[in-house]
Every structure is written in structure tokens, then in C-alpha cells.
Amino acid sequence: MPISATVALVIVFLATGIGLLARGRQKMSLDQWSVAGRNLGWMLLWVLMAGEALTTATFLGAPGQAYAQGAPSLFIMCYTVLAYIVSFFLLPPLWRYAKRHGLVTQGDYFAHRFDSPRLGAFVAVVGVVFVVPYTVIQLVGMGSIASTITNGALSKSTCIVIGFVCVTGFVFVAGIRSTAWTAVLKDILIVFAVIIVGIVLPLRYFGSFSNLLDAVNAAHPGHLALPGSTHDLNVPWFLSTVLLASVGFYMYPHLFMAGLSARNEQSIRRNAMVLPIYLLVVALPFYAGLTALMVVPGLSGADTNTALLTLVVHSVPGWLAGVIAGAGALAAMVPASALVLGAATLLSRNIYQGLLRPDASRDTVLRVSRLLVLAVMAVALVFSLTTTALLNQILVNAYSGITQLFPGVLLSLVWRRVSKQGVTAGIVVGLVVAFGLILTGHDPFLGINAGLVGLLANAAVTVAVSLRTPAPVSAARLPPAGRTR
């Protein structure tokens, strides 16, 4: 086995060990497993939330998109910082409401706020449906890392299965604590890796970043300006995609739950203020993608997902390639663990308990959640072994779906009149419009991301239907979620 593969596997198994030990002496209740007993301090919360800015979609997908498309790939940099601003205002009132009523998931919030377990179950289904493609991105990333770094010594499917086993194992044992503690090792290695691929390699080949950009402009005119090397990803698409993803970022179940795991509101606000610093790291993979475009040209289609790794194999010793590969593997494992944890908890709390077994104890729900981890990961595994799509295209389409939950969350915090019928109708219309356009080849629609078109239709329907239906009883007897008694 090549030294690169050995080093990468050591890192993966070390991270798995940390995840398994993260439970410590904590008695693993449902609250401990899913939201760490709402007791994560600001440092672990920062690592947990910052880690979601550098997943496989950024570590591999961003360089691959920069390689293949150019300027449109920069939407990741823009939407992430705006998402942190959204979290400063959105998460504290949600945290207060959830703490007051003992809520754990998105589905819990919708079910309680609108007196409707069925709405909670519907939201849970929507959340899980769009968690699966995001999890697929992580597992496909692990497979790409293995097959490229080891020159085929480890197959893509072998590493996807290894990732499946490791992630499932430590989530099953320690829940969100395993994700948070594993994220510490991941972030240390990721910072090291992106410095190598985003600073050292561009400077080695071109002497300066300006020389790199000049070389790209000379060889590929227009690549660094919208629409880049595409025909339709122009300024309206870019702005609409940034807006869509920035308001949808914390609609993902795992990020919603991460916000609820904070010790207090101050931790959430403090994190929102300092999280943009992490984007200094996120910027570097784009330079790596442009360097790869010049140094290892000729990649096309799904092979552009491996642009960064192909550059690494071409440029550094085997042991260093292994460290970078290990960092990339953790960039897949940590988000995948959070994603599957959020999906399993949604299914157990809001479908199993919410609809099928309302009298189930919290210990029973915890046991079901752990079993559902296996089910969700198994579904993601099947798709991971067959997909050939660009990672960032999967990401954008997933945002088109999950963001349809945003109008319901926002309006429920600021407008007592919003009703369960309005929210349900809005989500359905938003999904139908967005994916109707995507599946018929009309994305972008008039230059605008189809997901945002669906979101606008969603908001309009939510308001219109709410005005014609009764407001939930809970809205009349509870204080606004943004205020305390």
C-alpha cells in the first residue's frame, strides 16, 4: 500500500477513535446525543459550525468548479458569510423557543409552533430528503480522495464503504459530541492542507497569485469573470444563488440542531461574529483549482471533482499527499456525521414518535434514532456508489429544496398570523416550482436560480393562504419567540 494511503487511513482511524471516545462519562440521553444537552461552550460550538464551511463541497467541489467553470464557483465564499449574519438574528430566538419547550429538531419546532405533529412530520421528510444528497457529496468526496491520492491502490467504492463504517460507528455511540470533537482534529489538518494547496503550490508554480491569475486569463479568457466557462451562470444567477443559499444554510437539520446545542444565546451571537474569519481558509481551495487548471489540464466532467487531488499527487511527496488526503477525508466524515445525526433524529422524533408512537419514551426514541442512522447512511451509500454529478451541482440543487423551509421559520418568528395550512402550502408550491424548473431544464429561469424562484412562490403562497386560514392557538397564548417573559 502506498505511503499516501497508509497516512490517510491512520488519520481516518484516529478521528474515528476520537469520535468513539467523545462520549466520555456522559449518560447518553436523547438530548445529550442530539444537542449535547444544550451545553456546548463557544469554542466547541465554533468548531462545530465553522466545520460546516469546509466540507467536501468546498475542499473538492470548489476547486473542481473553479477548474471547470471559473468565476461562478465563488458563490460559496459569498453565501457563507451572509449565512453567518442570518444566524446572528435567526438562531437566538429559535434557541430560546426550543429551550423553553424542550425541542430538539426542526420538526419539533414546526409541530409545536403550529400545533401540528403532521406538519412536523412533513418538515422532517423534507429535511431528510435533502440531507441525503448532501451526505452523498461527503461520501463521494471520500471515494475520490482515495482513488486519486493512491493512484487506484484503494478503489473509490472501498473508501466510500470505509467512510460509511467509521461515520456510522462514532455517531451511533456519541452523537453530536463525536462530531464536535472530531471536528477539532479535522480543522487543524484542514488549515494545514489548504495552506499547502492554496498558498504553497500556487507560489511554487507561478511565484505570486497575480502571476497565477494572469496565466489563467491568458490561457482561458473570460474564465475569471461571470459567466466564466459557462453560458448561463451570469450575474443574476450568481446573486440569486448567493441569496438562496445564505438564507437556507441553517435550514439544514444538522445546522439547525447545532444552533440548539449552544449553552446560551451569547455563544450563538459570538460565533456569528467570528465565524467569517474561517472564510480566509475557505478562499484558498479556489486558488488550488486555478493552479490545477494550468498544471494538470484536460480534466472534464465528474473528473474535475479530483482537480485538487490530481494537483497534489503531481506536486508533493507521498507522505504529504497522505496528510492532505486525510484532511480531505475528515472534511467528508465530520459533516456526514452531523448530517446523518440530524436526519435520524428528525425521523425518530417527528415521524416515529410524532405520528406513530406518541407515548414512546425518550430512551426509546434514542434507540430508534440510532437504528435510523444506519438506514440513512445506507441510502446515502447506495447513491454515492452510482452518482457521476459535479459535487457543487448536487449542492446547489439540494439548497433549492431545503431552503423552502425558510419562509415558515422566519414568518413564525415575526408574524403570529401565519398558519400551518399556509406553511404547508408554501413548502409544497416552492418545491414543485423549483424542481419543476430544474427537471425540465429551465434552471436558471430568466437568469435566476430556480430555487429562488420557488422560494418567492413559497413566500407568496404562505402569506396568501395564512390570511385565509385560522392562526394556530399556540400563537395566541405564547410570547413571540424573539422575547423572553
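Analyst: Residues are numbered from 1 along each chain as its sequence is written, and side-chain values use heavy atoms, with hydrogens and water left out.

User: How do you know how confident the predictor is across the chain, and where does the pLDDT fall below 50?

Analyst: The pLDDT, the predictor's confidence in each residue on a scale from 0 to 100, averages 86 over the chain, and 89% of the residues score at least 70. Over residues 479–485 the pLDDT is below 50, although this stretch has 15 contacts in the model beyond near neighbours in sequence. Where pLDDT is low, the predicted coordinates should not be read in detail.

User: Which kinds of secondary structure make up the chain?

Analyst: The count comes to 23 helices and 0 strands, where helices (H or I, at least four residues) and strands (E, at least two) are DSSP runs numbered from the N terminus. Of the contacts with a separation of 6 or more, 86% join residues 24 or more positions apart, a contact being heavy atoms within 4.5 Å.

User: Why is valine 131 called buried?

Analyst: Its relative accessible area is 0%, and buried means under 20%, exposed over 50% and partly exposed in between (1.4 Å probe, protein chains only); valine 131 therefore counts as buried. This residue sits in helix α7 and, with neighbours within four places in sequence set aside, touches Tyr252, Pro253, Leu339 and Ala343. Across the chain, 61% of the 485 residues are buried.

User: What makes valine 316 buried, and where is valine 316 found?

Analyst: Valine 316 is found in the loop between α16 (307–315) and α17, and its relative accessibility is 15%, so it falls in the buried class. Beyond neighbours within four places in sequence, valine 316 is in contact with Leu201 and Ala321; its C-alpha lies 8.9 Å from that of leucine 201, which is 115 residues away in sequence.

User: Why does phenylalanine 383 count as partly exposed?

Analyst: Phenylalanine 383 has 46% relative accessibility, so it belongs to the partly exposed class. It is part of helix α18 (residues 362–384), and its contacts outside four places in sequence are with Val132 and Val136.

User: What makes the largest pocket a pocket, and which residues line it?

Analyst: On a 1 Å grid over the protein atoms alone, a pocket is an open set of points with protein on both sides within 12 Å along at least five of seven lines, a cavity is a set where a 1.4 Å probe fits but cannot get out, and lining residues have an atom within 4 Å of a point. The largest pocket has a volume of about 210 Å³, and among its lining residues are Ala66, Met77, Leu224, Phe286 and Tyr287. Helix α15 (residues 284–295) contributes the most to this lining, with 3 residues.

User: How do you know which cavity lining residues are nonpolar, polar or charged, and how many there are of each?

Analyst: Ala, Val, Leu, Ile, Met, Phe, Trp, Tyr, Cys and Pro count as nonpolar, Asp, Glu, Lys and Arg as charged, and the others, Gly among them, as polar; the lining of the largest cavity has 13 nonpolar, 1 polar and no charged residues. That cavity holds about 120 Å³ of space, and Ala8, Ile145, Ala146, Cys159 and Ala329 lie nearest its centre.

How values were computed. This is a predicted model: local features need pLDDT of at least 70, side-chain atom pairs count only at pLDDT 80 or more; totals for chains, interfaces and linings use all residues. Grid points are joined across faces, edges and corners, and a volume is the space filled by probe spheres set on the points.
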